[in-house]
Amino acid sequence: MRPHQIELADIAAYPNLAEAVRKAAKGKRHRPDVAEFMGSFDARIETLARDILAGAAPYGRYRAFHIHDPKRRLIHAACFEDRVLHHAILNVAEPVFERALVASTYACRPGKGVHRAVVQVQDQLRRYPWFVKVDVDGYFPSIDHGILFRLLCRRFKGAGFLSLLGRIIDSYHARLGKGLPIGSLTSQHFANHYLDGADRWLLGHPDVRAHVRYMDDMVWWCRGKEEAKQVLAGFDGYLREERGLRLKSAVQINRSPRGMTYCGYRILPDAVLLTPRKRRRYRSLRQHWETEWRAGHIDSLKLQAAYAAVHAITLHAHSRTWRQNHLRLHPPRWDD
């Protein structure tokens, strides 16, 4: 695939920035920084466009906080102007990233996502006898800035645009020359692209029968255990030498009929089950919203909407029997 030409003028164009503002502000217009930007919309867009063309963007301001979804993660949220810039870049560049990826990678892609990845994993569990499941140790903090920039230079051309991408990469360091901020739109696409070569290495291996990746969570299938071990050894060497990454020690090599936990589900050839973590989350959220209703903090309509959101956690698993048992054992208390 030949490098795709993108000019800074394409990014800084008013219609592109206006669309980027709409995306960045969606569901967030009540926030002070967003409301302030929207209050002087044209002037802010003109300033951002000028700074993009002058090489003064991004601004590199991040707000750090932790989330638990489901495990504790440190998030670095870019300032609103930089989030607009990220959307403006992806408005133009996302189709290029999309065309570059193989069909069996599922993160950050239109028409893909977690649930399609789960369906594909289950399908391959039915077809092939052995699988290897791995993920990268500290993936986002370990991404090498120099390697990432060289990969982007193979995909895009345009000196101004590449310089802009370089400044975005360099605006954050987990340690010197390493790391992407979790929480940035560009980080998701950069990180997804960083492992495209790993996808192709696996798919090009004669002993690999099938492959699925969701960001840095990777699984592939082989005919036998020894083949699986040999592929793993070569793949581990590839990641270390070509991407500067290490696999977590908890590598799983197992028979497909035994199933695996992947993308938050326990996947078996004949069933998709809720993991204990998802069950705990369901119980916790249901209890929380019922407590809020009993305390008078929300009305019945909001409780109904909350129930729908809690129920959504279970929708893509064979969970009806478990939910019925849970309701029988823990019925709602309306009389407190």
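The questions and answers below concern a predicted model of a protein chain. Residues are numbered from 1 along each chain as its sequence is written, and side-chain values use heavy atoms, with hydrogens and water left out. In this predicted model local features need pLDDT of at least 70 and side-chain atom pairs count only at pLDDT 80 or more, whereas totals for chains, interfaces and linings use all residues.

User: What share of the 336 residues in the protein chain is buried?
Analyst: Buried means under 20% relative accessible area, exposed over 50%, and partly exposed in between, with a 1.4 Å probe and protein chains only. By that definition, the buried share of the 336 residues in the protein chain is 45%.

User: Against which helix do the buried residues of H14 pack?
Analyst: In H14, Leu-303, Ala-306 and Val-310 are buried. Seen down the axis of H14, the buried residues fall within an arc of 60° (taken from the directions from the helix axis to the C-beta atoms), so they line one face of the helix. The face turned away from that buried side carries the exposed residues Leu-301 and Gln-304. Counting contact as heavy atoms within 4.5 Å, the partner of the buried residues of H14 is helix H13 (276–294).

User: Which residue caps the N-terminal end of H14?
Analyst: A side-chain oxygen of the capping residue lies 3.2 Å from the backbone nitrogen of Leu-301. A polar contact is a pair of N or O atoms within 3.5 Å; within protein, one must be able to donate a hydrogen and the other to accept it, and residues adjacent in sequence count only if both atoms are side-chain atoms. The capping residue is Asp-299.

User: Is Ser-187 buried or exposed?
Analyst: Ser-187 lies in helix H10 (residues 185–194). Leaving aside neighbours within four places in sequence, Ser-187 is in contact with Phe-140, Leu-180 and Pro-181. With a relative accessible area of 2%, Ser-187 is buried.

Notes: Helices (H or I, at least four residues) and strands (E, at least two) are DSSP runs, numbered from the N terminus.
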